Amino acid sequence: MPSLIDIRRRIRAVKSTQQITKAMKMVAASKLRRAQERALSARPFAQQMLRVLNRVASRVPETAHPLLASTAATAGPGRALLIVITSDKGLCGSFNTNIIKEAARFITDGAGREVALGLVGRKGRDYFRRRGFDVRYEDVGLFQNIRYTHAQAIARAAIEEFLGGSAISVFLVYNEFKSVMQQRVVVERLLPIPRGEVLVEPGVGVPNAGPEQGQGQGQGQGPGIDYLFEPPPADIFRLLLPRHVEVQVFRALLESAAAEHAARMTAMDSATKNAAEMIDQLTLYMNKVRQAAITREIIEVVSGAQAL
């Protein structure tokens, strides 16, 4: 049975830990608000841009731009580049574990497909580098202050791998922010740019698109609509498609940052509550031990008096 001094020392240690977890929860909550605003504000533009580009790309030949060339199916053979977005810090529950599991599943499920990795975030980099995976790109420390230039660097590396023939497809895996209590692991194909209609989940903030350029909303989804391009499609896609890749990567970074802060706030809230429960249990146990010691001393005094 531990002594009262040991129990009091443990209670003090748990209280110190509780103060730390409570402070981390407050810091994560303060950062979450701004990260959530940035993620939600970037989401409509990125999804609408993806939707419009898919409609336009489905009505031009694949030779209009190299980023449209569907040289590989998602489950076909060949080398794929998987960009894994994790956090730089821990203490955020199963945030990084879910991402790493999904990336490992992507690697193992592709029969006959080689997978190279682009790692964003220290946790994913440390995990995959220790296990000898083919790492083509890595970037850490950007979640302190996410900028569009970070997304440009990642997109530039992905486009170079794709256009250089080192990768026939590029995928993104990241945590999408759904709510403070829920994050969803998403695997998206980044390159080649999907052709055809893209289904976007309802209720994610995509604005109701008005009539397209020269076409009605109802007619824009028809199979026989032709688009008039000015300037030519090659000039438009040369500027627009790389920007599209950058925007999708930037959105993934913002979503991951918001999901990380939400996961850390939830984890630290649970840790604070668990610490409070542990303090209550230790206090109760300490009182029982102290009462038992007092009772034993009283019995010893009474027994000594009777013996005299």
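**Group meeting: a walk through the helices**

A quick word before we go on: what we have on screen is a predicted model.

So, is Y148 buried, exposed or partly exposed? At 26% relative accessibility, Y148 counts as partly exposed. If we set aside the neighbours within four places in sequence, Y148 is in contact with R243, E246, V247 and F250. There is also a pair to look at here: Y148 and L253 are 105 residues apart in sequence, yet their C-alpha atoms are 9.6 Å apart in space.

Let me step back to the whole chain. We have 6 helices and 5 strands, and reading along the sequence gives the pattern α-β-α-β-α-β-α-β-β-α-α. The chain has 308 residues, and 41% of them count as buried. Now, if you take the contacts between residues at least 6 apart in sequence, 77% join residues at least 24 apart.

Next, helix 6, which covers residues 233-307. Two of its residues are worth a stop. R251 is in helix 6, and at 4% relative accessibility R251 counts as buried, the cut-off being under 20%. What does R251 touch, not counting residues up to four places away in sequence? The list is R43, A46, Q47, Y174, E176 and E188.

The other stop is S256, which also lies in helix 6. With 1% relative accessibility, S256 counts as buried. Again leaving out residues up to four places away in sequence, S256 touches I85, F95, F143 and N175.

Staying with helix 6, let's look at how it packs with helix 1. In general, two packed helices are described by the angle between their axes and the distance between the axes. Helix 1, residues 4-57, packs with helix 6 at an angle of about 160°, and the axes are 4 Å apart. That angle makes helix 1 roughly antiparallel to helix 6, because angles over 145 degrees count that way. The crossing of these two helices is left-handed. As for who takes part, the residues of the contact of helix 1 with helix 6 divide into 37 nonpolar, 9 polar and 14 charged.

Now compare that with another pair, helix 2 and helix 3. Their axes come within 10 Å and cross at roughly 45°. Helix 2 and helix 3 are therefore oblique to each other. Helix 2 passes helix 3 in a right-handed crossing. From helix 2, the contact is made by N96, I100, A103 and I107, and from helix 3 by K123, Y127 and F128. Sorted by class, that contact has 5 nonpolar, 1 polar and 1 charged residues.

Let me finish on helix 3 itself, residues 122-130. Which of its residues are buried? They are G124, R125 and F128. Looking down the axis of helix 3, the buried residues fall within an arc of 100°, so they line one face of the helix. As a reminder, an α-helix has 3.6 residues a turn, so residues three or four places apart point the same way. And what do the buried residues of helix 3 pack against? Strand 1 (78-85), helix 2 (95-109), strand 2 (113-120) and strand 3 (135-139).

How values were computed
Residues are numbered from 1 along each chain as its sequence is written. This is a predicted model: local features need pLDDT of at least 70, side-chain atom pairs count only at pLDDT 80 or more; totals for chains, interfaces and linings use all residues. Side-chain values use heavy atoms; hydrogens and water are left out. Buried means under 20% relative accessible area, exposed over 50%, partly exposed in between (1.4 Å probe, protein chains only). The arc is that of the directions from the helix axis to the C-beta atoms. Contact means heavy atoms within 4.5 Å. Axes are lines fitted to C-alpha atoms, for helices over the stretch in contact, and angles run from 0 to 180 degrees between N-to-C directions. Angles under 35 degrees count as roughly parallel, over 145 as roughly antiparallel, 65 to 115 as roughly perpendicular and the rest as oblique. A crossing is left-handed if the near helix is turned anticlockwise from the far one by less than a right angle, and right-handed if clockwise. Ala, Val, Leu, Ile, Met, Phe, Trp, Tyr, Cys and Pro count as nonpolar, Asp, Glu, Lys and Arg as charged, and the others, Gly among them, as polar.
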